[in-house]
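Hi,

Here is the structure I promised to send over. Have a look, and then read on for what turned up in it.

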Amino acid sequence: MTVKKRIGLYPGTFDPITLGHVDIIERAVKMVDELVVGVAINRDKAPLFSLDERVRMTSAEMATISKKSGVPIRVVPFETLLMKFAEEVNANFIVRGLRAVSDFEYEFQMVGMNQKLNDDIETVFLMADVRYQFIASRLVKEIARLGGAIDSFVPPAVAKALKAKFQK
Ligand code: ADP
């Protein structure tokens, strides 16, 4: 019997990638043979960084994690329905991060709907280290916009990119 390769899909907006996302990815690679990080176009959220910038910044952070874990990580943009994209990349499960109770409500509904679309793809939830649980891209952007220190929330390259964005 051949053992099926376990492919995980971690979708998000990653506008920009934070240490919270990085922590979730470091945990996710322990469970899979391959990880796809799906970067959603997400026009509704009017992202600060373009899709191309988000893909590039996210990819840059993946090299170290992939090397350390030996798990290949692909960063792929997507605009289609999440479950359709999961099927396209042959994902067996979707990884999501859970922060507080506020995340639960939304995720609870999403899982319910996604199960109806494809009941073979499971959603698993991971929690970041306590040091990173409160981090949200939205708040990091707000702090950066107002000139606050963001170095403890995002990787150094992202902090630089955020500072450059708001200096303009
Ligand atoms: P989305 O637009 O899908 O919420 P995000 O980029 O904001 O995309 O987040 C992607 C995933 O990462 C979500 O499951 C979110 O809950 C999770 N996540 C984001 N920040 C953290 C964090 N600090 N700790 C744990 N999970 C997180």
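Let's start with Asp52, which is partly exposed because its relative accessibility is 47% (buried means under 20% relative accessible area, exposed over 50%, partly exposed in between, with a 1.4 Å probe and protein chains only). Before I go on: this is a predicted model, where local features need pLDDT of at least 70, side-chain atom pairs count only at pLDDT 80 or more, and totals for chains, interfaces and linings use all residues. Residues are numbered from 1 along each chain as its sequence is written, and side-chain values use heavy atoms, leaving out hydrogens and water.

Asp52 makes a salt bridge with Arg56, the closest N and O atoms being 3.1 Å apart (that is, a side-chain nitrogen of Lys or Arg within 4 Å of a carboxyl oxygen of Asp or Glu). Both sit in helix H2, four residues apart, about one turn of the helix (helices are DSSP runs of H or I, at least four residues, and strands are runs of E, at least two, numbered from the N terminus). Arg56 is exposed, at 53%.

The whole structure has twelve salt bridges. Another of them joins Glu34 and Lys5 at 3.0 Å, N to O. Glu34 is in strand S2 and Lys5 in the segment before strand S1, so this pair ties together parts 29 residues apart in sequence. Glu34 is buried, at 10%, while Lys5 is partly exposed, at 45%. Lys5, Glu34 and Arg74 are linked in a salt-bridge network.

Cheers
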